[in-house]
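Welcome! Open your viewer, get ready to select a few residues, and follow along stop by stop.

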Amino acid sequence: MAAVRDLKSREMAGLGGDDAVELAKRHLIQPWPYAGSVGSEARALIGEGDGIYITDSTGKRLIDGPAGMWCVNVGHRREELARVMYDQAMALSYNTPWYTMNAPSAELAKRIAGHAPGDLSHVFYTTGGSSAVETALRFMQFYNNVRGRPEKKLILSRGGAYHGSTYLSASLNGRPRDRDWMDGADELVVKLASPDPFRRPKGMSIAAFTDFLVDQFRATVARVGADRIGAFVGEPIQASGGVIIPPDGYLRRIREICRDKDILYISDEVVTGFGRLGHVFASGDVFGIGSDMITFAKGVTSGYFPLGGVIISERLLEELRRSNHPDAMFGHGLTYTSHPVGCAVALKNLDLLEESVLAHTLEVAPYFQAQLKTLEELPLVGEVRGVGLMGCVECVADRESKDPLQLDKDVGKRIDAHCHELGLLVRPLINMCVMSPPLVITREQIDDMVGILREGISRTMEDLRKEGVWQG
Ligand SMILES: Cc1ncc(COP(=O)(O)O)c(C=O)c1O
């Protein structure tokens, strides 16, 4: 079987692979392209996946360090998921959600609600994370319109946030490079500081930093007016911002202010949901907070099918049902809302998580974190942080100034290039490397991964020294 797979990889690497590269350069627009190479760029061509590994078109096997885009949670090539996709497509490949429904979507909604904290009881399905955030925000607007509060629509979001690539969800994004050349609905969004303890003001304790963040939140609500703010949207852990873990108690305190001020709390669990921290949802089980809505995507199908959704609180739905406007319509729905194939895959994926993958994640996560932490021995590394099976290695020019830019804006890319040579795919983020492997990773595989990362960073240090960019 392995030989057959190797053969297929080599076929891809030959004619098929070369063709794909040429065709991509001529006809494909990759996500997040630069103007200078838009529509003319080829990226590493991947032919196969198996467990925690992917194979590129040269036949090189790589550990899939970011699990695709934080999504291949149960690993590649799970026959159970492939089979369920086939079976569901043969039974019912699609039905219109406008005036019909299917059983897998209802069954999945029940199972998801069963894992969600508090009174989150109902699911609206989308095609991914951006459309999930978009749906949550449009629901907030509708909810406040029906309640007779059309002025209560502003959205609070934070530096370092990533919430998507549709117009409104992207308007919330707080990483500078995401917005430098793009427009957004800025008039609808109020930005707050990132809860990044590593980059807190010099000399400030963590406790004082937490108070600073909460005070800023409170002061912003007072300045703007709670009667104009509809929602706060936050990732429990800012994933694409560099695995920013907020200080203890911060999320709970923000949640309490939102509840007091009638501001909807939307927890964006597109990355943290479906196992990344060893639980189906992190909001309740890890951070002890309820939410008015939770958005999810990615790991819900382990990336086998594009699916996302919003879980909405019973309290909000009940309020709508009891309103004076029973005929007001939530004019929102997607052709692929409640897709039967996506929901069937998600049900099987949830079985796998519940049967063993969540328990395995909880078991190996401390080892993963401890091994990753050893990279702090390297002088280029300013901090290694993480929780569950997500981690980030942040490089700095020197630990005193923590300056990431003086070093080289793309030091993460340099590390990634070395690691690729050595058999590991890294997610480079400016001066950071983010790791979020498939949750089925074993201790031995964690050793391999961290060993390669150590070597990749060491080689990068040598390069930087040789070029005279850095002398650490
Ligand atoms: C926290 C968060 N929200 C939303 C999104 C957008 O999801 P998608 O790319 O599926 O639209 C992402 C994507 O990385 C994310 O990390």
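**Stop 1: helix 4 and helix 12**

Helix 4 crosses helix 12 in a left-handed way; a crossing is left-handed if the near helix is turned anticlockwise from the far one by less than a right angle, and right-handed if clockwise. Helices here are DSSP runs (H or I, at least four residues), strands are DSSP runs too (E, at least two), and both are numbered from the N terminus. The model is predicted, with local features needing pLDDT of at least 70 and side-chain atom pairs counting only at pLDDT 80 or more, while totals for chains, interfaces and linings use all residues. Residues are numbered from 1 along each chain as its sequence is written, and side-chain values use heavy atoms, with hydrogens and water left out.

The axes of helix 4 and helix 12 come within 8 Å and cross at roughly 40°. Axes are lines fitted to C-alpha atoms, for helices over the stretch in contact, and angles run from 0 to 180 degrees between N-to-C directions. Contact means heavy atoms within 4.5 Å.

**Stop 2: helix 3 and helix 12**

On the helix 3 side, pick E80, L81, V84, M85, Q88 and A89, whose partners in helix 12 include V341, V345 and L352.

**Stop 3: a pocket**

Which residues lie nearest the centre of the second largest pocket? Select V123, F124, F330, H332 and T337, which belong to a lining of 18 residues. Strand 4 gives the largest share of that lining, 5 residues. Helix 4 (103–115) and strand 4 (120–126) are the elements that give two or more residues to it.

**Stop 4: helix 13 and helix 14**

Finally, select helix 13 (residues 411–422) and helix 14 (residues 443–466), whose axes come within 8 Å and cross at roughly 125°. Helix 13 and helix 14 are therefore oblique to each other, and their crossing is right-handed. Show V411, R414, I415, H418, C419 and L422 in helix 13, and look across to helix 14 for partners, among them I452, E455 and R459.

Definitions and conventions: Angles under 35 degrees count as roughly parallel, over 145 as roughly antiparallel, 65 to 115 as roughly perpendicular and the rest as oblique. On a 1 Å grid over the protein atoms alone, a cavity is a set of points where a 1.4 Å probe fits but cannot get out, and a pocket is an open set with protein on both sides within 12 Å along at least five of seven lines; lining residues have an atom within 4 Å of a point.
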